[in-house]
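Here's a quick tour for anyone opening this structure for the first time. Have a look at it, then read on.

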Amino acid sequence: MAADSTLLLSLVEEYVSGLQDSKAKDTATGIKDGQFTILQLVEALGLSLTSSQPHTRARGVQLLSEVLQECHEGLTEGEVEVLIAFFENRLKDHYVITPPVLQGLRALTKCTVLPPGSAVSMLRSLFQDVHVQSLMLTERSCVYKMLINLMESREAELKGLGADFVFGFLQSMDGERDPRNLLLAFQIANNIIHRGYDLGKFAEELFEVTSCYFPIDFTPPPNDPHGISKEELVQMLRNVLTGTPKFAEFLLPLIIEKLDSDVLSAKLDSLQTLTACVSQYEHKDLAEFLEGLWASLRREVFQTSSEKIESAGLDALTAITSCLSRSVLNSDSEDSLCTFLDLVLRDCKHHLSEPDLKLVWPSAKLLQAACSASNRASHIITAAVMPSLLEQYDNRTQCSHRRTILEVVQRFVQSVKTSQSAEKEESVFVAFRPSLCTMVFSALNENNSSLQKTATSVLTSLAQQPGLLLDSDIELAVDHLTKLLLAEEDEGVSLAVVECAGALAELYPEAFITKLIPRLKMEMFSDPIDQDNNRAVSEHQSHHAVCKRCLSALAAVSTQARIVHESTPVLLEVLSSAHTGSVGFSVDQVVLACRSLQRIAEKVQDTEETGRCFHDLVIPRLLSLSLQAALQGEESSGHRSPLLEESVLSAMVPVISTSCSRLQPALAEQTALKAVSLFLNGDVSSLPNNSFPSHIQLLKQGDSWSQSQLVCLLMGCVCSLPRSVEVPQVEQLLSELEEMSCTCTHPLSYTSAAKCFAGLINKRPQGEDLDRLIQRTMKRVYTELDSASSSACTQAFTLLVWVAKALLLRYHPLSTTLTDKLFSLLDNADLGPMAAESFSLLMSDTTDLLNRGCHADVRIMYRQRFFSENSAKLVQGFNAAPQEKKTNYLKALSNIVNNLPKQVQISELPRLLSLLLEALSCPDQAVQLSTLSCLEPVLADPLPALIQQLEALINRLIALNSSPAMSVRIASLRCIHAVSHFPEHEILPFRARVLRALARPLDDKKRLVRTEAVRARGEWFLLGSPGGR
Amino acid sequence: MSGGTHLENANPVIFQRTGERLQTATEEDEDFHDPIDDREIFDMIRSINDPEHPLSLEELNVVEQIRVKVNDAESIVGIEFTPTIPHCSMATLIGLSIKVKLLRSLPNRFKIDVHITPGTHASEDAVNKQLADKERVAAALENSSLLEVVNQCLSTKSS
């Protein structure tokens, strides 16, 4: 014990006189461990606390405070009471003692055993004896933290202080300048307002003290360690100012005043604060300021040059209108909503009748903002503006005027839609329904494409108004749309019509089933070739265009199961009549029909009904038709079926893979079973129209390409199954696919077989079986590749690349050996260029298989991983390679880097920059182009590494301006354009040189090059020039 | 822009913008020589910002494609522009902006002539004379406050 007390005395001595700050920690540890008590510490401090030197006393108190900060939890209520009394008393002492006293008090406010009444007494002496704003930064923050702590734990006691507490706080924060402390002070003010402290007569003072910071203008210093952002301060202050309606009478005039400011951010902040505050207010808080607010809002929207201000202004108007709509009316008071909307209408409505002047749009937007606020507001506004708009549409003759009016109407319809989602009331537009329909239909019949396009979007908006259009209106609309689909030549219009039909079909399927689909079918199957021959050519062309539109319309309207049932048979019929040749559909049309089927499979909801439709109807039919075509292929009859074409088969694959991947896994399993037994065993029993020979062997057709290429359909099916679905007879399937991909000579066939093999490998469970399989296959591939005379070299290489991709995606350990093989092939004389290209396949997403949509095993960030594991090898290989092979390495590198996500490109760029710059001076145009396209996005935000190499970069880019390839010239000019946004001081030295160099491409013989040169040169001229940048 | 200032013409007539130029097959052909044509010159100047409104010269119909004449072989460009109102005080500034834009965007073999559409401005001759005088144009661009306004008209909108 005696040893302890001497130890304690020496600790105190060393801290107080020896000024060793670390001793405070040792003392605190001692107390925590129970070596000595607080009482003993106070006793040991005795001499220092009573010293006649203020600095010694301060040092003593500081030791006590620091210890308390560490061990305030172990104190008893009695000890706390004594300590508080001591500290309160010390507040009256010399000013140098105040800082440690405040720290001690702050530590005590965190005690859980604070005796009742001590919070109040602490605050009273604090407010009485300390002038907060003459303290230093940290002490002020200490006071705020004390207040925050006490507000958390002793709310009831503080509220007992009444308005005195608010007054004390106001005095403490009045004049605060440091943003860190302001955040704390705003937090306290926020607590005062939101937790129901009594403001007494100090509401205005509290507002004054806080609102003097509004609007906040603060730019954090560079590399600010405190991480305080302007947004944070703005948000905190906004919460305070908008917290209570008691501030309304002060805040609203302030906002009106600040909206006059020239500073953009001040305007924006004012508008956002206005939007936030009115959500708390009632109409009587707003009443006297409405006129002023409206005048400011109108001015901002009418005259602004910034979209942000405009949309903030519109939001504010919506907020004010909905606040006014919320309020309950007394019988004697006037209806402030009506008064306000009268103001808005008075200033805006007349602009709507001048559709070619600038203010028509700002006015329409203001009215629509008010309209969207509430049901009542939309009734008042639409009643006032719709009749005149409709009348104008009839009276105006110019198409551009009519279109503006239509667009305005559409925005009104849409603005009402947002406000009415929940209520089941009658639509605001019921009264205008007949005239609106007449207007839309007459616009659809107009001979002006932009008018027609606008009309379709108005029609869509009207249809989306619940319960507005009658069935007869819809039927009429469908008639109009059908007519346009069949007759309209303009691409933009038909696109809009198709889109509109899709939107309407979702809401009113019946009209489309009974009217549109039969009509389209009839139109497509009417054969134009029967007509006499001299008209045939142009007729044929227009019929082709009609078919194209019909096909895409069929896909667009098929969003619901009921419609799908009607539309897919039509599309299948197109395929089968193309196959038999009964109606002359071209290859393009057949491809489009497949695309439409694919779009339907992608969009339609996954229900039992649609699943059956695709698995029982569509897929068997596709398989059977293409098999018929393949078998017929050999017979040399006059008609060659379009279903033999590669483009048609490639279009069928996604139909099958999309349905197998996303529609009804149980049904997909059956489909897979049927497909595999068809391809492996020649089992044709599952196909419709069964008149096939029974001995077909689709996977063993070395010589008949028409049958072997069907393997791509098998790929579409088995490679897109969910992983839960077992592929039947998979071992045998894999070995036959391997055989086929190594021996077949038809490119589509062996590539599809390799892809199918890879797709299956990707989903096989990890284990020895898989490893053995891969090793066996690779042995075969390597043998083929190594034997110089091998004829199957390309086939083996294709298989290698696809298997490498399948394994790379799932992080399989064997993938490294395969990709290493690819790297080594870069030196190969024959396969080098192909190997360089293959990295693009390895790193990019494939659409038909091995992606997440097809349920493949794709690990996240496999690209980054591959890159970080292999970039060193690539650089090494590049340095070691002979000059003529270097191109392959650069091409491989740019293929890899191009596919990396931008963040990775940016982080990896410094290491690769010299290599990429090397690639820019490589004579191969493909390398130049892909390097430029990989540099361009990176140049958007300048990295330090790039800035160091600026000289080399700019020189090489300028050199490429005179490349013989136009695409290289364009890409290099784009890069030069991007460089103009680098920090001004870095690029200014190059300005004159770049401007001189860019004068030449201004006179390039290609217009596309000149356009880029003009853009880039314009930006470089603005650089470092007044008013520029 | 700010609350107090008054615009000379607060509610001007707005015209539609032309779409992007459609690319033709010959433009993508490496060997074909595309001549500089009216539309190409018009594309250079149509997006110049108006000094007063957040609108382009095209939207205010100050410049039109039919008032742009170019002869690539003889290296001559002639442009007429139409102020929105006959007393527009910005006419010289707009003319200067067009001229500067073309000086920066065309090969220097071209002779550039920018003037007001006849009969559309009160002090047409004076403005035309100023714009035609090389010395005065050069002197104007030495004036940094004038250059600032011109550059603002020529800067592409970031939003």
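What follows is a short report on how the chains meet and on a few spots inside chain A.

## Ground rules

This is a predicted model, where local features need pLDDT of at least 70 and side-chain atom pairs count only at pLDDT 80 or more, while totals for chains, interfaces and linings use all residues. Residues are numbered from 1 along each chain as its sequence is written, chains are lettered from A and ligands numbered from 1 in the order in which they are written, and side-chain values use heavy atoms, with hydrogens and water left out.

## Where the chains meet

Let's start at the interface: 44 residues of chain B are in contact with 34 residues of chain A (contact means heavy atoms within 4.5 Å). About 3300 Å² is buried between the two chains, and carbon and sulfur atoms give 49% of that. Buried area here is the accessible area (1.4 Å probe) that two parts lose on being put together, summed over both.

The rule finds six salt bridges across this interface, a salt bridge being a side-chain nitrogen of Lys or Arg within 4 Å of a carboxyl oxygen of Asp or Glu. A salt bridge joins the side chains of A:Asp1003 and B:Arg109, at 2.7 Å from N to O. On chain B's side, helices H1 (25–28), H2 (38–45), H3 (91–105) and H6 (144–154) each supply at least two of the residues touching chain A. H6(B) gives the most, with six residues. Helices are DSSP runs (H or I, at least four residues) and strands likewise (E, at least two), numbered from the N terminus.

## A domain from the record

For chain A, UniProt lists residues 42–303 as "domain: MMS19 N-terminal", in an unreviewed entry. UniProt positions are given in the numbering used here, feature names are shortened, and annotations may be inferred rather than shown by experiment. That span is 68% helix and 0% strand, and its end C-alpha atoms lie 70 Å apart.

A:Asp473 is in helix H25 (residues 471–487). With a relative accessibility of 9%, A:Asp473 counts as buried (under 20% relative accessible area is buried, over 50% exposed, in between partly exposed; 1.4 Å probe, protein chains only). Leaving aside neighbours within four places in sequence, A:Asp473 is in contact with A:Arg433, A:Cys437 and A:Phe441.

Then there's A:Ser741, in helix H36 (residues 730–743). A:Ser741 is buried too, at 0% relative accessible area. Not counting residues up to four places away in sequence, A:Ser741 touches A:Tyr750, A:Ala753, A:Ala754, A:Gln795 and A:Leu799.
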